[in-house]
Amino acid sequence: MKRVLPFIFIIFMGFFFFDKDKLLDKLSVIPFIKSMSLTHFDSDNGYFSAIFKKGSNEISLNGKLSPLNATYEANFNNLHEMFKFLYGRVIAGGNVREGNGLLVSGKAAFAKGFGNFDFLCTKSNCSGNFKGNYFDFASLLKMVGINLGFINGSLNLSFSKQKFIMLNYDFNGSTTLPVVSKLKFKGNGNIFSPNKYEFRLDYISNFAKGNLNLNKDGGFIFVNSKAFVYLNRLRRYTLYPLKIGEYFDFSYSTKDNILNFKNKDLIGYYNNGINIQLNTSAGKFFRYVGIKPFIKGNVTGTISVKNKGSFDLIFSNAVFLRNSVIDYIRYKSHINLKNKDTLFLRGTFDRQKVVFNFITKNRDYSISVENGVMYYNGRSYFKVNVLKGDNKYVFEVKNGRVYLIFKRVKKKSLSNEVIVY
């Protein structure tokens with residue numbers, strides 16, 4: 001009998017290690033299982049219990065060994081200990097069983113949301129689907145190492161994986177940015193690796209609406225967008241209260257950290273300040289700045305904004321349009337303002353007002369304004385100097401009303417009379 005007991009023990013231990021190796025072989029098609037340590041294993045009459053651990057992460061399984069059919073609970077308390085490109089925590093549970101590979105299904109909770117999944121793992125690949133709701137967007141991004149704490153809201157997410165991950169998402173929330181308070185978007189994307197992915201989305205906010213493409217390939221992220229922008233929401237950056245909405249093309253790269261933008265009227269960039277090259281009609285320019293047009297023609301020039309704004313503009317083929325101020329100047333000075341002239345307009349602006357200088361000159365006359373002031377609340381004050389030969393007129397324009405305050409006229413006569421008002 002004493003000789004039989006060691007033999008029975010050896011047979012028992014052989015079955016124990018056989019069952020253990022058999023389980024490890026079946027589970028080896030799940031990629032991250034290989035990086036975990038089996039810290040507990042027990043089997044009896046074809047059934048088993050097992051615990052895998054790595055750091056603070058743990059998976060426990062209980063069920064039938066052959067064919068494998070078991071329940072599991074997974075507590076990934078620190079994803080970064082298992083996957084160098086992931087952070088945070090995931091809790092999951094469900095069933096794993098043999099099929100045409102290893103079928104893994106269940107529920108998972110992370111980033112304040114939850115979802116259901118089904119995956120088939122073979123020796124060559126794991127493929128399947130996931131669908132979940134109510135994920136906190138900022139928390140979800142933190143899990144992949146992106147910190148956008150200024151975005152608050154809920155994301156519904158689904159994805160499928162074959163050779164790579166294909167996603168669909170739908171977000172509704174807000175931001176703490178000075179411009180974008182409300183934000184909604186939906187779209188899709190592909191993740192090929194932690195350093196190569198692409199996302200596409202349509203978005204709408206109180207600031208703009210449009211589409212966006214984001215790509216990462218290697219060390220840099222590239223963003224392209226076409227959007228309708230409500231320019232009056234940008235006063236924090238423009239200083240001047242622009243009035244209309246317009247479509248723009250945007251591009252951005254983390255390589256140079258510069259936001260480029262353009263449309264049919266202008267091209268520019270933002271890098272700690274706005275810089276614009278303008279080329280448009282005078283009518284469109286005045287619609288941008290919210291002033292009733294008083295010149296017809298083309299406008300080119302530059303505008304820059306940082307702590308203070310400045311502009312330097314040229315109006316070519318310019319003709320003065322009729323209004324009460326221009327008609328009064330034409331009537332009192334007897335000059336023809338229907339000529340196509342070149343006008344120069346330059347100045348500075350801040351959050352309250354524009355200070356401008358204006359001049360146009362041809363063979364018949366010159367018109368100029370020095371340090372005119374226009375406040376955004378509607379008040380304005382400037383003097384218009386008109387020279388026609390030896391004759392001079394000075395007009396005062398105050399809050400839209402015009403007055404002749406100086407007149408010097410040399411009349412052609414024997415006495416060459418000079419009249420001054």
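Student: What makes Asp312 and Arg346 a salt bridge?

Tutor: Start with the distance: in this predicted model, the closest N and O atoms of Asp312 and Arg346 are 3.1 Å apart. A salt bridge needs a side-chain nitrogen of Lys or Arg within 4 Å of a carboxyl oxygen of Asp or Glu, so the pair of Asp312 and Arg346 qualifies.

Student: Where do the two residues of this pair sit in the chain?

Tutor: Asp312 is in strand β20 (residues 309-320) and Arg346 in strand β21, 34 residues apart, and the pair links these distant parts of the chain.

Student: Why is Arg346 called partly exposed?

Tutor: Its relative accessibility is 48%. Buried means under 20% and exposed means over 50%, so Arg346 falls in between. Asp312, with a relative accessible area of 34%, is partly exposed by this rule too.

Student: How do you know that Lys226 and Asp249 form a salt bridge?

Tutor: Their closest N and O atoms are 3.5 Å apart, and the cut-off is 4 Å, so Lys226 and Asp249 count as a salt bridge. Lys226 lies in strand β14 (residues 221-230) and Asp249 in strand β15, so the pair ties together parts that are 23 residues apart in sequence.

Student: How many salt bridges does the rule give?

Tutor: The count comes to 10. Among them is the one between Glu198 and Arg200, at 3.4 Å from N to O.

Student: Let's turn to the rings. Why is the pair of Phe228 and Tyr230 called edge-to-face?

Tutor: A pair of aromatic rings is described by the distance of the centres and the angle of the planes. The centres of Phe228 and Tyr230 are 5.4 Å apart and their planes are at 80°. Pairing requires centres within 6.5 Å, and planes over 60 degrees apart count as edge-to-face, so Phe228 and Tyr230 meet both conditions.

Student: What makes Tyr240 and Tyr376 an edge-to-face pair?

Tutor: Apply the limits again: their rings are 5.0 Å apart, centre to centre, with 75° between the planes. The distance is within 6.5 Å and the angle is over 60 degrees, so the pair is edge-to-face. Tyr240 lies in the loop between α3 (235-238) and β15 (245-253), and Tyr376 in the loop between β23 (366-375) and β24 (380-388), so the pair ties together parts that are 136 residues apart in sequence.

Student: Is Tyr240 buried or exposed?

Tutor: Tyr240 is buried: its relative accessible area is 11%, and buried means under 20%.

Note on methods:
Residues numbered from 1 in each chain as written. Predicted model: local features only at pLDDT ≥ 70, side-chain atom pairs only at ≥ 80, totals over all residues. Heavy atoms only, no water. Phe/Tyr/Trp six-rings, centres within 6.5 Å; stacked < 30°, edge-to-face > 60°. Helix = DSSP H or I, 4+ residues; strand = E, 2+ residues; numbered from the N terminus. Buried < 20%, exposed > 50% of the residue type's maximum accessible area, 1.4 Å probe, protein only.
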